[in-house]
Amino acid sequence: MPLPSWVPIRDDLRPYEPYGAPQLADVIMLNVNENPYAPSAAIADDIAAAVREAVLGLNRYPDREATALREALADYLGHGLSAERVWAANGSNEVMLQILQAFGGPGRTAVSFAPTYSMYPEYARDTHTRWITAPREQDFTVDPDRAVAFVEAERPDVVLLTSPNNPTGTALPLSTVEAVLAVAPGVVVVDEAYAEFRREGTPTALELLAAHPRLIVSRTMSKAFALAGGRLGYAAADAAIIDALRIVRLPYHLSAVTQATALAALRHRDELLAQVEALRAARDELSAWLSGRGHEVAESDANFVLFGRFADRHAVWQGLVDRGVLIRETGPEGWLRVSVGTPEEMNAFYTALSEVDPR
Ligand code: PMP
């Protein structure tokens with residue numbers, strides 16, 4: 001629904017609707033790449049105790065620099081990182097918005113390789129940053145030579161590389177990131193929201209940080225850590241890049257409750273991450289099952305799989321919803337994306353898809 005004409009919103013925002021995947025009740029949710037395994041009762045108790053402690057100090061503003069949390073995140077990431085080279089915010093959504101506030105803006109350009117994460121153009125729009133994409137290859141990889149030519153032509157202030165990419169699941173070789181870094185005049189962001197799900201042998205761009213001061217690697221606790229509701233995203237970069245983000249952050253942007261929650265969750269990282277192995281195996285099974293049925297399947301290093309192609313993908317999506325399974329109608333025309341769930345959820349998906357699309 002467009003806004004009523006009396007609402008004096010910015011002209012460029014008027015045509016838009018708020019972003020959001022459907023949040024339906026009583027369906028199996030395989031549509032937003034969440035971790036299907038909730039934290040255990042023991043972890044919940046520990047987080048609750050940490051939050052109680054924080055609540056006793058809620059009359060005061062939180063630690064503006066979230067230092068203890070950034071230290072814990074640096075410790076988790078390894079690679080010789082320390083608190084001043086790590087940033088944290090309310091989801092990697094906020095980290096990315098802050099990156100565009102600091103490094104994008106009027107007269108500046110951000111680029112990426114499509115299809116990719118649907119929120120990037122919104123951050124660009126909201127910060128008045130010009131947004132352009134170059135197409136990925138047929139198999140959704142990024143050709144390094146074409147990427148270099150594109151970056152040389154556009155001279156972008158921000159390059160957003162997503163690895164593994166959403167919605168395709170495609171990871172980038174480090175050589176492609178390095179090729180882009182060699183020609184990019186501004187910052188290069190590698191969005192590794194799904195990094196923990198990558199297959200054996202797929203590297204992380206954290207390895208490149210020491211040699212590349214304009215590289216930012218973004219991560220989140222929403223996926224592998226099963227903490228989507230906690231809203232904690234973070235990024236690693238040179239300390240001076242982090243200082244640039246500190247200029248645009250809202251004062252006290254990260255609540256004491258959020259900081260306490262994330263710190264407590266990080267203390268239990270082994271248990272929270274324990275399901276990652278199972279999810280990776282289930283992802284590979286899902287890909288094999290879909291291929292076995294004759295679908296086209298994008299190779300995935302994430303906790304979701306893009307598959308196709310359907311003459312009428314909306315009908316397939318709707319057929320699955322009617323059977324209580326919610327997946328995502330996203331990506332190029334004809335493709336659908338399904339997140340990896342529990343074995344029971346996957347079986348429900350397999351049964352529903354077999355009914356909707358018998359082969
Ligand atoms: N980056 C990518 C590629 C994503 O898919 C998502 C979530 N769907 C995010 C960032 C944002 O995650 P969050 O804000 O929960 O950290």
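Reader: Which helix gives the most to the shell around the ligand?
Author: Helix α3, residues 91–103, with 3 residues. Bear in mind that this is a predicted model.

Reader: How many residues surround the ligand, and which are the closest?
Author: The ligand is surrounded by 13 residues. S92, D191, Y194, T220 and S222 are the closest.

Reader: How does that shell divide into nonpolar, polar and charged?
Author: Polar residues number 7.

Reader: What about N166?
Author: The N166 side chain has an N or O atom 2.7 Å from an oxygen atom of the ligand.

Reader: How much of the ligand's accessible area does the protein cover?
Author: The ligand has 400 Å² on its own, and the protein covers 92% of that.

Reader: Which pocket is the space taken by the ligand?
Author: The largest pocket.

Reader: What volume does the largest pocket have?
Author: About 780 Å³. Its lining has 37 residues. Closest to the centre of the pocket are Y19, V32, N93, Y117 and K223.

Reader: Which elements give two or more residues to that lining?
Author: α3 and α4, the latter at 120–126. The most comes from α3, with 4 residues.

Reader: How do the pocket lining residues divide by class?
Author: 16 are polar, 15 nonpolar and 6 charged.

Reader: Switching topic. How many cavities of 30 Å³ or more does a search of the whole structure find?
Author: The search finds 1. The largest cavity holds about 50 Å³ of space.

Reader: Which residues line the largest cavity?
Author: Among them are S163, P164, L172, L174, V177 and V190. The lining also includes E192, A195 and R198, along with P203, T204 and A205. By class, 8 lining residues are nonpolar, 2 are polar and 2 are charged.

Reader: P164 is on that list. Is the peptide bond from S163 to P164 cis or trans?
Author: Cis, with omega near -5 degrees. P164 sits in the loop between β5 (158–162) and α6 (174–183). Both S163 and P164 line the largest cavity.

Reader: What about the bond from A114 to P115, cis or trans?
Author: That peptide bond is cis too, and omega is near 0 degrees.

Reader: Where is P115?
Author: In the loop between β3 (109–114) and α4. Helix α4 is one of the elements giving two or more residues to the lining of the largest pocket.

Reader: Last one, the backbone at N33. Is phi positive or negative?
Author: Positive, at about 55 degrees, although N33 is not a glycine.

Reader: Where does N33 lie?
Author: N33 is in the loop between β1 (28–29) and α1 (41–55).

Terms used:
Residues are numbered from 1 along each chain as its sequence is written. This is a predicted model: local features need pLDDT of at least 70, side-chain atom pairs count only at pLDDT 80 or more; totals for chains, interfaces and linings use all residues. Side-chain values use heavy atoms; hydrogens and water are left out. On a 1 Å grid over the protein atoms alone, a cavity is a set of points where a 1.4 Å probe fits but cannot get out, and a pocket is an open set with protein on both sides within 12 Å along at least five of seven lines; lining residues have an atom within 4 Å of a point. Grid points are joined across faces, edges and corners, and a volume is the space filled by probe spheres set on the points. Ala, Val, Leu, Ile, Met, Phe, Trp, Tyr, Cys and Pro count as nonpolar, Asp, Glu, Lys and Arg as charged, and the others, Gly among them, as polar. A residue is near a molecule or strand if one of its heavy atoms lies within 4 Å of it. A polar contact is a pair of N or O atoms within 3.5 Å; within protein, one must be able to donate a hydrogen and the other to accept it, and residues adjacent in sequence count only if both atoms are side-chain atoms. Accessible areas come from the Shrake-Rupley method with a 1.4 Å probe; for residues, only the protein chains shown count as cover. A molecule sits in a cavity or pocket if more than half of its atoms lie within 2 Å of its grid points.
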